[in-house]
Amino acid sequence: MGCGGNGAQMLMGLASLDTALRAISSRSLEVTVVDDDIVTEANLGRQPFYRCDVGNSKARTLTERINLAHGLAWKAVHGRAPDAVEIDGTDILITCVDTASARRELGAVLGDGRTVPTYWMDLGNRASDGQYLIGCPCRPTGNVKLRLPTVLEAFPELADETLAEDDAPSCSVAEALERQSLFVNRVLASHALALLFDLLGRGSIGHAGAFINLASGQAVPIPLPRGD
């Protein structure tokens, strides 16, 4: 959910992941893209949009493009999650949102005891660094000790509603590049997609996510929880 910097790169990569899964197994992906934003000039360059896309729905534009190129029937919803779409029945929820409040809203829906996704992958970034994490939302009858913590559990500071949030839009490509590195989203999404390929294509993962820093060139893995 979210089709901006990280979300758009993830969506493009999911199309490649779908092709790979079809080649090595009988499985494929059914994807629903949710975003209430439209393409602006500031998105050009850092996000996979073109000048002809300006003014159009981000979710619909990329989803239609992928469907045409790959012969898929993925769905696009121009709206804001969780109100615009049902999460029930989702196997993997991927969130690429700008604010902690958006994560809290989704966390509240997942915690109400209804159908819970098996996995919740979240991506977030700043100017030249970011992180991705895959977790397992708590199920009422699940084994809590053997569960991968979600982003809200791994980073409890996200629950602090008093912290200021900076999600102001950029007005130009130059301003957008001052706020975020040109390739931070692409690098972060590539690492997250590699983890998804290990999970879906090979059946196991060696870490739960990572912190990525383009300025220092470092990638620090987030270890899997140890069962006691």
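Here are a few questions and answers about how features of this predicted model get their labels. In this predicted model, local features need pLDDT of at least 70, side-chain atom pairs count only at pLDDT 80 or more, and totals for chains, interfaces and linings use all residues. Residues are numbered from 1 along each chain as its sequence is written, and side-chain values use heavy atoms, with hydrogens and water left out.

Q: Why is the pair of phenylalanine 155 and phenylalanine 211 called edge-to-face?
A: Rings of Phe, Tyr and Trp (its six-membered ring) pair if their centres lie within 6.5 Å, and planes under 30 degrees apart are stacked, over 60 edge-to-face, the rest tilted. Here the centres are 6.0 Å apart and the planes sit at 70°, so edge-to-face it is.

Q: What makes phenylalanine 155 count as buried or exposed?
A: Buried means under 20% relative accessible area, exposed over 50%, and partly exposed in between (1.4 Å probe, protein chains only). Phenylalanine 155 has 15%, so it's buried. Phenylalanine 211, at 37%, lands in partly exposed.

Q: How do you know whether cysteine 96 is bonded to the closest cysteine sulfur?
A: A disulfide needs a pair of cysteine sulfur atoms within 2.5 Å. The closest one to cysteine 96 belongs to cysteine 3, at 8.8 Å, so that's too far for a bond. A search of the whole structure turns up 0 disulfides.

Q: Why is cysteine 136 called buried?
A: Its relative accessibility is 16%, and the buried label covers anything under 20%.
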